[in-house]
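Hi,

Here is the structure I promised to pass on. Have a look through it first, and then read on for what turned up.

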Amino acid sequence: MSDNEGFAKSWLEFEEEVGGRLLLHGSISEILAGYEKVGVTLASTLTFPTPDQSVTTKDLTIRPGLKVRIYTPQFYEGGKPVCVFYHGGGWAMGDLEGEDIQLRTVCRDAGIVIVSVDYRLAPQHPYPAPFDDCIFAYDWAIENATMLNTAPGAALTFGTSAGGNLALSVALKVIDEGRGQTLRGVVSVVPVTVAPDAVPERWRGSYTSYEEHAEHTINTKSAMKSFFDAYGGQGDDPYVSPLLHKRLKDIPRVYLAVAGQDTLRDDGRLLRRALDDAGQYPGYPHWFWAFPSKHLTEPIAEYDRNLKRGFDFVVASESEARGTMRLSMI
């Protein structure tokens, strides 16, 4: 595949605007340094929106070493399931600040309370430490429904990239522990769903995006290898590779977003196959919605509209969702 083949025109215009393709390589320390340079480039060329102050936030420490940020929309009247969010960053990067602007938009548009989890990061805290923090935060959100003004005993998980992996895996752990009645569903955006060396034989011929898009997206093939190495979980562990979990279809509802020019494209496509249906954003790589370029105004607006539809789908009551696909179309 050529360097620019398959990319949307607006994305190529964005790359020209910021001086080239944004790629990460090497060890985790090299990736962190590279990401810092990307941040400098973006800050010098783009104008990021200011945080939506209509959304109120509160930071809490829910156990030693584990913080959360609670987002509450303006005029919130209560009674909706709590949304527990897990940030992206290859299990090795990210914090409460990195996706704050996007979470404020989701909180406002979906009209729900979000609990964002600052889970421990690899490699200093390898698997299962980040996963354990995410499960603890889910349980804390359920147990604190009164304080959060959310529906008793009802939650959904939400995550991006590695956080999308955690959102799926936490949901499956909750189901495995016999607490599936608390789970309304999952919103999983460009998720990691399977370790490359654990892809089932019957699907290996369909798992080609790591090669096709190895140098097309910020999470390059080499970066993904470093992320998996840092995380440390075994690829055949169904909480590391939720695609392999035997109870995947027991998740009540899933909204899935897939980027067509992403190393993780086929992670999403195989999850779609396992769950029956989904859609994608052709022509765009990983994390495309996070770059507020004038060239990306339209696809970002489409992403935001579709994400709201996804939350509406997952949050809807059983009667409201009757006749709706269990896996929402993008």
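In which loop is Pro 123 found? Keep in mind that this is a predicted model. Pro 123 sits in the loop that runs between β4 (114-118) and α4 (129-143). A cis peptide bond links Ala 122 to Pro 123, with omega at about 0°. Pro 128 is found in the loop between β4 and α4 too, and a cis peptide bond joins Tyr 127 to Pro 128. For that bond, omega is about 10°. If you set the model up for a calculation, those are the peptide bonds I had in mind.

Next, the backbone angles. Asn 149 is not a glycine, yet its phi is positive, at about 60°. You'll find Asn 149 in the loop between α5 (145-148) and β5 (155-160). Its relative accessibility is 39%, so Asn 149 counts as partly exposed. Val 190 also has a positive phi, near 40°, and is a residue other than glycine. The loop in this case lies between β6 (183-189) and α7 (209-212). Is Val 190 buried or exposed? With a relative accessible area of 4%, Val 190 is buried, because the cut-off for buried is under 20%.

Then there is Asp 52, in the loop between α2 (28-45) and β1 (56-63). Why does Asp 52 count as buried? Its relative accessibility is 19%, and buried means under 20%, so Asp 52 falls on the buried side of the cut-off. Which residues does Asp 52 touch, once its neighbours within four places in sequence are set aside? They are Arg 104 and Arg 108. With Arg 108 there is also a polar contact of 2.9 Å, made between the two side chains.

The largest nonpolar core has 107 residues, and the ones with the most contacts inside it are Tyr 86, Phe 158, Ile 251 and Phe 311. Helix α6 (residues 162-176) gives the most to this core: nine residues.

Cheers

Note on methods: Residues numbered from 1 in each chain as written. Predicted model: local features only at pLDDT ≥ 70, side-chain atom pairs only at ≥ 80, totals over all residues. Heavy atoms only, no water. Core = buried A, V, L, I, M, F, W, Y, C linked by side-chain atoms within 4.5 Å. Buried < 20%, exposed > 50% of the residue type's maximum accessible area, 1.4 Å probe, protein only. Helix = DSSP H or I, 4+ residues; strand = E, 2+ residues; numbered from the N terminus. Polar contact = N/O pair within 3.5 Å; in protein donor to acceptor, adjacent residues only side chain to side chain. Contact = heavy atoms within 4.5 Å.
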